[in-house]
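I opened my notebook to look around this structure one chain at a time. Here is what I looked up, in the order I looked.

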Amino acid sequence: MSKRNSINRINDQVFKWFGIACTIFGLAMLAIFLYSVLSEGIPRLDWQFLTSLPSRKPENAGIFVGIVGSLWIMGLTALIAIPLGVASGIYLEEYGKKNMIASFIEINITNLAGVPSIIYGLLALEIFVRVLGFGKSLLTGSLTLSLLVLPIIIVATRESLKAVPNTIREASYALGATKWQTILYQILPASAGGIMTGVILALSRAVGESAPLIVSGALIYTSVIPSHPMDDFSVLPIQIFNWLSRPQKGFIVNATAAIIVLLGITFIMNGIAIYLRNRWQKKIKW
Amino acid sequence: MSGFAYSEMRIKEKIIEGLLLLSAAISILTTFGILYVLISDSYPFFQKVSLLEFFTDTQWTPLFADKHFGILPLVAGTLLTSGIAIAVALPIGLTIAIYLNEYASPGFRKVIKPILEILATIPTVVYGFFALVVITPYLQNFFPEMGGFNALSPGIVMGIMIIPLISSMSEDALYAVPKSLREASYGMGATRLQTSFRVLVPAASSGIIVSTILAISRAVGETMIVAIAAGQQPNLTANPLEPVETITTYIVQVSLGDVVQGSLEYQTIFAAGITLFALTFVLNNISFYFKKRFREKYE
Amino acid sequence: MEKISANNVQVYYGSNHVIKDVSLNIEPNTVTAFIGPSGCGKSTFLRLLNRMNDYIEGFRKEGDIFLDGKNIYDKKIRVEELRKEVGMVFQKPNPFPKTIYENVVYGLRIQGIKNKKVLDETVETSLKKAALWEEVKDQLTKSALALSGGQQQRLCIARTLAVQPSVILMDEPASALDPISTAKIEELIYDLKKNYTIIIVTHNMQQAGRVSDKTAFFYIGELIEYGSTKQVFTNPEKELTQNYITGRFG
């Protein structure tokens, strides 16, 4: 009997160390990746790199076009996706509780969240570029990404609205407020923190996307700085992709430096979102 | 307040509700849009290429002079890379979930979980870089015959990317198992290992399955990692050391080139797209079924 | 004329018959207590008077309820107007997560009143009527959630008073409060009676005895007895009432 016990105990210990090893594996991979990026890329990172246009020579090339394009895309996507996403969330959570259309919409959103991002590119190629005639523009790109990240914003909005206690709604109605007044003046302000968290996470995802944009017509190589929503554009991840496809080592180094910038943006945005989430969760201790 | 102002207000409330409903209905439009585009743009393709040829031809060469339209090489590439990804992510992710749940202290768990989540936020081009520039050269130490483009490297990197998907969701599923089951097992003298595998994992199986299927779906739909590191050669193979092309990277390849709109070559990306959509749609709905089962069990 | 009169009111939640044929009249400027064991329908009936039950799934009503002679369930009635006339204070204090000032003026803002002078005056008057002014007059921009439970409840009363109702409904307003705060609330009710008609649901019979002029005893959806508080408590007509009052069942 005790021999069985010892075996059991040994197995338990072995698994414990295996568990630690697996956890360390994940962390180690993260560390190795970050190290490889930083070590190769930091030397290349300088003001010239940030402000130069693309070039056939790696030493002259820079990410200015990509940064401007990414900023444009983030801004336009925010303009489109935030009102649509928050409005959808409000409808589903505050108005549509029992009706069939709301359930159908919910099923749609759940399914859409699992659709590969490149499919959105195909949708955009046909509908936005061709049928609606927006062409291969910033507008098309931001519409594409808006549809892609809409579920993120909708879910975050719904969670935040749900977290507002019903007693607040009751108090508002008892004072003679209408449903919309209650939502606008009490519930939205109280859920703003959670909604913003979702928005930032959605935009952070959008800034890192490349596949749907490539399919819907973002340019791989362009020296033109966009100045209008109908202009051609490229974004930082696509520039990185382009450089990684070139054989010259100099471009690989460029890609590394650009990755540092992209990761920096991504991590800062996610960090802000997490900070907001923590602050908001502390705040709503009614 | 006069009656006139009253009905004005009622109308305003109704209009607002209508606008909100329209916003929410965008998602219905999106679904229909996707279905419409995929079906209507691949339909002409399937009129020229029979379904039999599509599913059985072993070559995919729509852009060459000698055109073949068999989807199998692309499907093989997708399955190979996704298979490697799951082979990496499932054991590691599940082990991490069990470890964090039963072995680790709550403080450790609180710190580690968010750090692992970082893996899920890294843009996929960056992962593509790791696969091409870090992992492939490293693997070439073990497989000197392997070329710079192969299926193993992006497969492993995809696996690393989806570890948090499996570990987080599985951990939540394990956490949801009622305390009474744990106590019963420990009370009989079982170790953490035995409790985990004989009691907890089976009890949380629906949740774990959901996380796995979602991770597979994510891997199947992944584009950039494979586009950067796997080469873009359709190749019907099970050998991970060879370059492959997946359904997704084919679509990117065509988008990068100059293909005439409306041509047969152009339509191939929609044929590929609808195949991909069908695959992930089936996977996702299987996972919804299991998710329902999981919910019913614990609520 | 009665302030409020209810005639043969029935309430159903789905197939549940929760209020069974209740009729009663309430005189203006009185305090009426609704008492009865848990689940007897007293809160449900209270909520009929400002139509807060309208939001409940499966709610159905028969019979009529009149306020100042007007049927409050008439289709032409604007429920938002009704609620300005009939205010409500809830069991658990539910101030908005805003400043004290903003809590009190909310009811005015939603009516479109923006004049700062009007708002400032209303804040002072309402907080004074709610016996809270002295305690918070220098901290109007403080968050309402930072107040104690008793203060929060008086704030909720103040914001209800700010819209100038003629009826105030109170659903167990002191049950979540400590004895000192409870005493303050009861004092307040006694003062408010001069200018408002008050209906208070309470499970605390001593409280009902202290503050109310008339008492209605509910039991499983029926109105068992309704009369002057003195009479109901010292010489009830029904045996059921007698048993409840003496604590035979709770």
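**Entry 1: chain B**

I began with burial and found that buried residues make up 48% of the 299 residues in chain B. A residue is buried if 20 or more other C-beta atoms lie within 10 Å of its own, exposed if 12 or fewer, and partly exposed in between, with C-beta atoms placed from the backbone.

A note to myself on the source: this is a predicted model, where local features need pLDDT of at least 70 and side-chain atom pairs count only at pLDDT 80 or more, while totals for chains, interfaces and linings use all residues. Residues are numbered from 1 along each chain as its sequence is written, and chains are lettered from A and ligands numbered from 1 in the order in which they are written.

Next I looked up the secondary structure, and chain B has 12 helices and 0 strands. Helices (H or I, at least four residues) and strands (E, at least two) are DSSP runs, numbered from the N terminus.

Then I checked the overall dimensions. The radius of gyration, taken over C-alpha atoms, is 24 Å for chain B, whereas a compact globule of 299 residues would have one near 19 Å. The globule rule is 2.2 Å times the number of residues to the power 0.38. The C-alpha trace of chain B spans about 80 × 70 × 35 Å along its principal axes.

**Entry 2: where chain B meets chain A**

How many residues of chain B are in contact with chain A? I found 65 residues of chain B in contact with 65 residues of chain A; contact means that the C-beta atoms of two residues, placed from the backbone, lie within 7 Å. Helix α1 (residues 3-48) of chain B gives the most to this side of chain B, with 20 residues. By class, the side of chain B that touches chain A has 43 nonpolar, 18 polar and 4 charged residues. For the classes, Ala, Val, Leu, Ile, Met, Phe, Trp, Tyr, Cys and Pro count as nonpolar, Asp, Glu, Lys and Arg as charged, and the others, Gly among them, as polar.

**Entry 3: a sheet in chain C**

I moved on to chain C and found an open sheet of 4 strands, in the order β2-β1-β4-β5, with antiparallel pairing. Two strands pair if DSSP finds at least two bridges between them. β2 (16-26) and β5 (70-71) of chain C each have a single partner strand, so one side of each is left without a neighbour in the sheet. I also looked at strand β4 (residues 59-67) of chain C, which pairs with β5(C) over 2 bridges. The bridge partner of C:Phe66 in β5(C) is C:Asn71.

Is C:Lys129 buried or partly exposed? C:Lys129 counts as partly exposed because it has 19 C-beta neighbours inside 10 Å. C:Lys129 sits in helix α4 (residues 116-129) of chain C. Leaving out residues up to four places away in sequence, C:Lys129 touches C:Ala158 and C:Leu161.

Last, I checked phi angles. Most residues other than glycine have a negative phi. C:Ala131, in the loop between α4 and α5 (133-136) of chain C, has a positive phi near 60°. C:Gln164 has a positive phi of about 55° and is not a glycine; C:Gln164 lies in the loop between α6 (149-162) and β7 (167-171) of chain C.
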